[in-house]
Amino acid sequence: MTEAMHQVLVIEDEPSIRKVLKVLLEAERFRVIEADTALRAEIEARSHKPDLLLIDLGLPDSDGLTVIRRLRAWSPVPIVVLSARTMEDQKIAALDAGADDYVTKPFSAPELLARVRAALRRNVRSTEQTSALKLGDVRLDLDRREARGSAGEIHLTPLEYRVIECLARHLGSIVMQRQLIGEVWGPERLDDSRSLRVCIKNLREKLERDPQKPRYLLTETGLGYRLRSDEEP
Amino acid sequence: MSAPAETRPDPDQLLAHVQAEEARATRGRLRIFFGSSAGVGKTYSMLEAARAAKASGADVVIGYLEPHGRAETERLAEGLEHLPTLSVAYRGIVRQEFNLDAALARRPATLLVDELAHSNLTGGDPAPRHPKRWQDVEELLAAGVNVWTTVNVQHLESLNDLIYQTTGVRQRETLPDKVFDEADDIELIDLPPDDLIARLHAGKVYIADEVATAVERFFRKQNLMALREIALRRVAERVEAASRALSPERARARIAGDRILVAVGPDAQAEQLVRAGKRMADALDAQWTVVYVETLRLLRLSDADRNRRIAVLRLAESLGAETVTLDGPSAATALLEYVQTRRATRVMVGAPKRRGWRAWLRPSTATQLLHQARGFDVMIVAPAEPGTQRRTDSADAARGATYQTGTPRDRYGWAVGVSVACTLLTLVMYPHFELSNLAMVYLLGVTVAGLRLGRGPSALTAVLNVASFDFFCVPPRFTFAVSDAQYIVTFGAMLTIALVIATLTANVRQQTRVAGARERRTAALYAMSRELSVTRGIGSIALVAVRHVAEVFQCKGVVLLPDASGKLQYPRGEAPESALRRADLAVAQWVVDHGRRAGLGSDTLPAAPALYVPLGDERRAVGVLAVLPTNPRRVLLPEQSHLLDTFAGQIGLALERAHLAEVAEASTLAVERESLRNTLLASISHDLRTPLAVMAGAASTLAERGATLPEGSKSELARSIEVKAREMSDLVSNVLDLMRFQSGQVRLRRDWQPLEDLVGAGLEQLRERLREHPVEVRLSPDLPPVHVDAGLVVQLFGNLLDNIAKYTPAGTRAWISATRDGDTVRVLVEDEGPGFPPGEPSKLFEKFQRGSEEGAVVGAGLGLAICRAIVRAHGGEIQARRRAGRGARFEFTLPTKEPGA
């Protein structure tokens, strides 16, 4: 089964955290490669071609951001960032530099695993094309553009479908606000977050049981949005 | 001490003596090579001594040598270090001058500076710091540099007259005797006149700028002999004084000894009095004080008299006297009072100037002192030259004209007019009234003139009236012949009445005017003191002070204060008048360092446009007041100058007080910060230790007994480790956040955000912990998006919800609601919990306050402090109230407009 196991490169200078991550990921049947410096990380990434990178932004020899930028120059491999809560700016910079998602330290095991799986799935999805979503009582078929809740059919506008599609493509992962606007409204409207906010609000009215406490269409404040489905833990 | 009580030393004097000794210890020593004339070899001897000192390893540097171009002198100067001279442009030519700043920077042990009496080029560029070289030397001595210099006897101030009389050459460059007397060493360079003349003929004597004939007149043998005698005598006096000072009994006698008071007036005898005082003080080896009393006559003085008075006081200071200006109704009263407080033993006054009946009517100061002297001697100095008397009288007459309104010519016109009016009236009355009644009309006219017109015009009225009375009324009419001698009495009475009334009126007016001026000064000072006393903060005090000074002295002003390192700075924030931009910080720095005035009209840089006055006492000036008067007289007149000093003193006190208040406040803050740190440490150590104990316990149990524990217990232990770790993590984040807020490091990343997103994100963060606490969200549908830093506001909701999770029992409800309120959204977070502890709920927002006693709940009481910091950073306010019924209620606002929009 070894070839079916996903390889995760853990880039973290703190040995105890590296150890916890290794135990956790291996228990979930990932193969773990470790790196404690930026230099080491690049060597390991080139030689092992991992399926996913889990990277801490504070590294002894270089900035985690630099690692992400250099890696993105040649590889589309999913990258998940580990960041502290007090370092908002770094988090945004990392996402802008090409990271796919982030996990705030201290992380909980289920959260970390969910993010890792979502990031891996995004890589696979482009070929897999599963287009049916289940959000609580609501079932969404993105191919046929149909939505059905407990009270019957739900009508979504074409714009709303495009937003949901974009989020569903990154199911479980964060989608930056600018990226979402760029894909749905076009690059010339990048600074217009108002239409997006209205659209998300309407989507929540239609899809969420309690729109003021959304369970599926989540806001990542200051960053963007994340769609969660019931399929994952 | 067996000394009787009367001779006990004055404590002030003792203190001054001790201070002088102390000052001397750190001061450089002044050594003067003293000669009777140019050419005796002072510079040569000085250089010889310098070479000898250099050979024995001393740090001797030449600061300045007169460029005489004498080969032997120049040879001697070779091999000694020369300081660079300063090129000064003066009237189109460049001269080499002594470079004081270079000397202060080099700071040698001993510095040679030729020609102590030299005057610096005050009009030169760059302008010298002091007008005289001896003042440069004073500064060097104060800086601890030993100075060697040369002086010729004819330059000594007190000998100036004498040498003029002897040689017929007036020396313009003079040196105050004080400098000479206080020199540590005097070395007399003596050369017999014949040898000197021989050297002169051999061309070995450099003649400065004097014209050749003057030189020949000067270098006559009898002149040289006289000068030599004067020089020898002057040095002998010094040697005797030094030996007296060395004997302790004499020293005590000096401290307890004579104190001479020289009272000077505005007349021409003042200078003579001062010089006489100097001679007497030297002879008696006594302290001496020159006193000037400002009486009512002060404001009547002409400019020339005022200037003379300043010059006299300067002269006195330069001769070593202390000078004092007193206020008083009469000179005698003020002097008597002062004599008693200072326990003077002798008082010197000028001889009475009034003679005959005038002296009897208004006794002079000398006479009054003689009558009232108790316990001191009065010495009367006769005027040196005749003619003094006349001058003062004419000055008096001129003065009479200055205090009336209108020009003198107008008033004399009025005087004639009054006479004409009287005459017309008497002509009408003549047929019906007796002569004595007609005389009354004329008398009335004289009275009116006396009241209104001043002395001269009223005297004119008197004369005209008497003449008219004689001409028109006294038979035989229309002639000046007088048939009856009794009318002479009428004339006399009329003239006397006119003069007496005019004089009295003038005096009353003058008194009112002086009192008014004094009153205004007092009022101005009082107004400033009162405003300063209620002003807080050094910056505001400086502004208030400048405003008052500007009003009273009609000038532009600025207060320059030192920064932490003691360097003066322009006030920040306020744009000073462009003219004061020129206020020279270097000059101001000098003023604050030396505690003495500089600039306009003072001893230092007198040509500067602005005057710099130190604020505070001499030992420690707290700042400098720079004033740029629109009319220099407003500041330089003695009484104004005195007032400016008083102002400066008051401002200094206020600044000192503000400074002390700031220091006290800073130390209070430091104490508070310290106690805060202690609370923080105590709080954190408790809140960290508890979870650490749980984690260590649970983890070790798992490690040791993991194999044997049931699955349920294992996951329970692991869960408790996770929970405690999260609590600790939150705590550390909170502390970090608060520190970032306090240090001002938080930069808001504002953006438009729908409030429901922010509330939702907050709820999502706390989802696990709020499982037992249903939170109902009620946002009004018309809410506009808020313009906030999303991360911080989510944290704000998180902290408030976290409190609900911590402090309210499971199962109780909570509500988040929001309504629009003008340009803000008003948010309410309410719960049904136990509410607040007794006391003021707003206290909870202070750091390390918590709803319940320490123990059960972790949190260190930082959550609400952070909430308040976040709300305030967005320009809002957060309040805690008890909820109607039960529970707590937090209310805050978030902006819906961009700041500044």
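1. Of the 901 residues in chain B, 35% are buried. A residue is buried if 20 or more other C-beta atoms lie within 10 Å of its own, exposed if 12 or fewer, and partly exposed in between, with C-beta atoms placed from the backbone. The model is predicted, so local features need pLDDT of at least 70 and side-chain atom pairs count only at pLDDT 80 or more, while totals for chains, interfaces and linings use all residues. Residues are numbered from 1 along each chain as its sequence is written, and chains are lettered from A and ligands numbered from 1 in the order in which they are written.

2. Chain B has 29 helices and 25 strands. Helices (H or I, at least four residues) and strands (E, at least two) are DSSP runs, numbered from the N terminus. Among contacts in chain B between residues at least 6 apart in sequence, 70% join residues at least 24 apart. Two residues are in contact if their C-beta atoms, placed from the backbone, lie within 7 Å.

3. B:Trp590 sits in helix α23 (residues 585–594) of chain B. It counts as buried because 20 C-beta neighbours lie inside 10 Å. B:Trp590 is 14 residues from B:Thr604 in sequence, and their C-alpha atoms are 9.7 Å apart in space.

4. Next, a helix pair in chain B. The axes of α19 (residues 435–453) and α21 (residues 487–533) of chain B come within 7 Å and cross at roughly 25 degrees. Axes are lines fitted to C-alpha atoms, for helices over the stretch in contact, and angles run from 0 to 180 degrees between N-to-C directions. α19(B) and α21(B) are therefore roughly parallel to each other (angles under 35 degrees count as roughly parallel, over 145 as roughly antiparallel, 65 to 115 as roughly perpendicular and the rest as oblique). Residues of α19(B) including B:Tyr442 and B:Val446 meet residues of α21(B), among them B:Met494 and B:Ile501. By class, this contact of α19(B) with α21(B) has 11 nonpolar, 4 polar and no charged residues. Ala, Val, Leu, Ile, Met, Phe, Trp, Tyr, Cys and Pro count as nonpolar, Asp, Glu, Lys and Arg as charged, and the others, Gly among them, as polar.

5. Helices α6 (residues 158–169) and α8 (residues 193–207) of chain A have axes that come within 10 Å and cross at roughly 90 degrees. α6(A) and α8(A) are therefore roughly perpendicular to each other. From α6(A), A:Leu159, A:Glu160, A:Val163 and A:Ile164 meet A:Cys199, A:Asn202 and A:Leu203 of α8(A). The residues of this contact are 5 nonpolar, 1 polar and 1 charged.

6. Chain A also has an open sheet of 3 strands in the order β10-β12-β11, with antiparallel pairing. Two strands pair if DSSP finds at least two bridges between them. β10 (174–176) and β11 (217–220) of chain A stand at the edges, each with a single partner strand, so one side of each has no neighbour in the sheet. Between β10(A) and β12 (residues 224–227) of chain A there are 3 bridges; A:Met176 has A:Gly224 in β12(A) as its bridge partner. Helix α7 (residues 177–184) of chain A lies across β10 and β12 of chain A, at about 70 degrees to β10(A).

7. Last, the contact between the chains takes 23 residues from chain B and 14 residues from chain A. On the side of chain B that touches chain A, the largest share, 8 residues, comes from α27(B). That side divides into 13 nonpolar, 4 polar and 6 charged residues.
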